[in-house]
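Subject: Structure handover

Hi,

Here is the structure for you to look at. My notes on what was found in it follow below.

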Amino acid sequence: MLFPGRADYPLLDTSGLVLDPAFWPGYLFWAYDIGELMEMLDVDGADVDALSVKLTDPERWPHLRVPLREGGHLAVIYRNFPEDAGIDFERVGADGAPVTLASMEGDQPVGVLEWDELVGIATTAPRRSGVVLPMARFLLLLPLLAEAPEDAADQVRRSFRPRTGYGRQLVEVACALLEEHRLWPGGTYTRLWGEDRDGQPAQSTSDAT
């Protein structure tokens, strides 16, 4: 079965998956050892595998929404075409119109957001449906990070003060990833707010990396 256009994608709202610790090892495998992630989150391989089956379902595509304070949201979509799988990141305006920001293929992060933009979006969650847990928002959008500062882990510990044990687990996961000092790719990417990294007008959607 083919889904040739964005309007025909078989999207299933799965924003609640971020509350399941088994979601993160598969989502963040590109940034850290998956076995160590499972240990930090106290999940086993069977749980991660079972969730992976749902995440890769070609007929029901997981769709996670990060609402924005100014309206609209960022969408994380598992693009489960059998011959063209990946994760698409979109910005959806208050009018519902989607604009593709970037696509993640395999284990390559895509470098769309600056550090301050990522932290700002994560820590100013509006009270509405979608992903509202600040550290879950941060981790969900982490593949969009262009570059992490040297003191990124310290900044995370200062900026995020979770009140639950699960929230504290996610903070420690984020810090572990950032302390790896994995290099994010360089180059020019379409910027979230309509400009590329050189301050020029953004590329069209079809040109986005």
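Helices (H or I, at least four residues) and strands (E, at least two) are DSSP runs, numbered from the N terminus. This is a predicted model: local features need pLDDT of at least 70, side-chain atom pairs count only at pLDDT 80 or more, and totals for chains, interfaces and linings use all residues. Residues are numbered from 1 along each chain as its sequence is written, and side-chain values use heavy atoms, with hydrogens and water left out.

**Overall layout**

The protein chain has 7 helices and 5 strands. From the N terminus on, the order is β-α-α-α-β-β-β-β-α-α-α-α. Of its 209 residues, 46% count as buried. Buried means under 20% relative accessible area, exposed over 50%, and partly exposed in between (1.4 Å probe, protein chains only). A contact means heavy atoms within 4.5 Å. Take the contacts between residues at least 6 apart in sequence: 57% of them join residues at least 24 apart.

**The largest pocket**

The terms come first. The search runs on a 1 Å grid over the protein atoms alone. A pocket is an open set of points with protein on both sides within 12 Å along at least five of seven lines, whereas a cavity is a set of points where a 1.4 Å probe fits but cannot get out. Lining residues have an atom within 4 Å of a point. Grid points are joined across faces, edges and corners, and a volume is the space filled by probe spheres set on the points.

The largest pocket holds about 340 Å³ of space. Its lining counts 20 residues. Gly26, Phe29, Thr56, Tyr78 and Ile87 lie nearest the centre. Helix 1, helix 3, strand 3 and strand 4 each supply at least two lining residues. Helix 3 gives the largest share, 4 residues. By class, the lining has 13 nonpolar, 6 polar and 1 charged residues. Here Ala, Val, Leu, Ile, Met, Phe, Trp, Tyr, Cys and Pro count as nonpolar, Asp, Glu, Lys and Arg as charged, and the others, Gly among them, as polar.

Which residues of helix 3 are buried? In this helix (residues 45-55), they include Val48, Leu51 and Leu55. These three cover an arc of only 70 degrees around the axis, which puts them on the same side of helix 3. The arc is that of the directions from the helix axis to the C-beta atoms. On the other side, Ala46, Asp49 and Val53 are exposed. The buried residues pack against helix 1 (23-27), helix 2 (34-41), strand 2 (61-67) and strand 3.

At the start of helix 3, a side-chain oxygen of Asp44 reaches to within 3.2 Å of the backbone nitrogen of Ala46. Asp42 sits in the loop between helix 2 and helix 3. Asp42 has a positive phi of about 60 degrees, although it is not a glycine. Asp42 is exposed, at 68% relative accessibility.

Pro67 lies in strand 2. It is buried, with a relative accessible area of 1%. Leaving aside neighbours within four places in sequence, the contacts of Pro67 include His73, Pro126, Val131 and Arg137.

His73 is in strand 3. It is buried too, at 15% relative accessible area.

Pro82 is in the loop between strand 3 (73-81) and strand 4 (84-92). Pro82 is exposed, with a relative accessible area of 67%. Pro82 and Thr56 are 26 residues apart in sequence and 9.2 Å apart in space, C-alpha to C-alpha.

Helix 5 (residues 134-141) has 7 of its 8 residues buried, so it is largely enclosed by the rest of the structure. Among them are Met135, Arg137 and Phe138.

In helix 6 (residues 152-159), Ala152, Ala153 and Val156 are buried. They cover an arc of only 100 degrees around the axis, which puts them on the same side of helix 6. What covers them includes helix 4 (115-123), helix 5 and helix 7 (165-179).

Best wishes

Terms used: A polar contact is a pair of N or O atoms within 3.5 Å; within protein, one must be able to donate a hydrogen and the other to accept it, and residues adjacent in sequence count only if both atoms are side-chain atoms.
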